[in-house]
Amino acid sequence: QVKVATIQKIVGKRLYVRYFDDVDDNGFWCHEDSSLIHPVGWATTVGHRIAGPMHYMNRMGQANDAMIELLPDDSTHDLFKMNFTYEEYYLDGKVSNFKVGMKLEAIDPLNLSSICVASVMAVLKFGYMMIRIDFYDPVANGTDWFCYHEKSPCIFPVGFCARNNIQLIPPAGYTPNKFNWDEYLRKTGSLAAGEELFDMEVPSHKFQ
């Protein structure tokens, strides 16, 4: 779930952020380019659930029918690093070809060293979607879903790990040496998200 939060400290490009309902100072540090933080109005724009104080929720409710009226302490889109533009979708007519129920491989947000079998649980607006890691037991209210953009470097097509000799974390009930994608897709009646749906371009860098 996304919550309204406030920046409490800034050190270099790292931000210390606290949720609106945090009473025990259980905030967290993140980089200003992190995909975990978003500008004011983001959840309303893409169709993601959000929790916030009543006055904020009222503002967002009014924004469903009009432009969001920004306040002086609102963070705006120009402060955030994005690898896509909203214009691609609402001006150029681009649509996401991901479908609910598709299977893919995704980095576990709770364990960034792991790439796991995952499922598309919901398709939002402007290329965003909700992903569930199949390794964990499902939660009925959807609080185990995570939001990724279709151009995120954290999601991959089926078979990515095998092609790159990376261990894939299988779904619950499977072991790595017993998991087979073709069998799993047949058993679950699911479609594999094809490579053409992903941003697979390797950026130019000097790492060796």
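The chat below covers a sheet, some salt bridges and one tyrosine.

Q: Before we start, what kind of model is this?
A: This is a predicted model.

Q: OK, sheet first. What's the strand order in the open sheet of three strands?
A: The order is S2-S3-S4. The pairing is antiparallel.

Q: Which ones are the edge strands?
A: Strand S2 (5–11) and strand S4 (28–31). Each of them pairs on one side only.

Q: And the twist, how much is that on average?
A: From one strand to the next, the twist averages 35°.

Q: How many bridges hold S2 and S3 together?
A: Six bridges, in the antiparallel sense.

Q: Who's the bridge partner of Arg 14 in S4?
A: That's His 31.

Q: Back to S2 and S3. How many residues sit between the strands in their hairpin?
A: Two residues. In this hairpin, Gly 12 takes a positive phi near 60°.

Q: New topic: salt bridges. What's the count?
A: The count comes to eleven salt bridges.

Q: Let's pick some. What does Asp 21 pair with?
A: The side chain of Asp 21 meets that of Lys 3 in a salt bridge, at 3.1 Å from N to O. Asp 21 lies in the loop between S3 and S4, and Lys 3 lies in strand S1 (residues 2–3), so the pair ties together parts that are 18 residues apart in sequence.

Q: Are those two buried, exposed or in between, and what are the values?
A: Both land in between. Asp 21 is partly exposed, with a relative accessible area of 37%. Lys 3 counts as partly exposed too, at 28%.

Q: Next one. What does Lys 13 bridge to?
A: Lys 13 forms a salt bridge with Glu 32, and their closest N and O atoms are 4.0 Å apart. Lys 13 is in the loop between S2 and S3, while Glu 32 is in the loop between S4 and helix H1 (42–46). The pair links distant parts of the chain, 19 residues apart.

Q: How accessible is Glu 32?
A: Glu 32 has 26% relative accessibility, so it counts as partly exposed.

Q: One more. Which residue pairs with Arg 163?
A: Glu 195, with the closest N and O atoms 3.5 Å apart. Arg 163 lies in helix H4 (residues 160–163) and Glu 195 in the segment after H5, so this pair ties together parts 32 residues apart in sequence. Glu 195 is partly exposed, at 43% relative accessible area.

Q: Which residues do shared partners join into one network?
A: Glu 88, Lys 94, Glu 150 and Lys 151. Salt bridges that share partners link them.

Q: Last stop, the tyrosine. Where is Tyr 174?
A: Tyr 174 lies in the loop between strand S11 (168–169) and helix H5 (181–188).

Q: Why does Tyr 174 count as partly exposed?
A: Because its relative accessibility is 26%, and the partly exposed class falls between under 20% for buried and over 50% for exposed.

Q: What is it in contact with, leaving aside neighbours within four places in sequence?
A: Tyr 174 is in contact with Phe 179, Tyr 184 and Lys 187.

Q: And how far is Tyr 174 from Phe 135?
A: In space, 8.7 Å from C-alpha to C-alpha. In sequence, they are 39 residues apart.

Methods: Residues numbered from 1 in each chain as written. Predicted model: local features only at pLDDT ≥ 70, side-chain atom pairs only at ≥ 80, totals over all residues. Heavy atoms only, no water. Helix = DSSP H or I, 4+ residues; strand = E, 2+ residues; numbered from the N terminus. Buried < 20%, exposed > 50% of the residue type's maximum accessible area, 1.4 Å probe, protein only. Contact = heavy atoms within 4.5 Å. Pairing = 2+ DSSP bridges. Axes fitted to C-alpha atoms, helices over the stretch in contact; angles between N-to-C directions.
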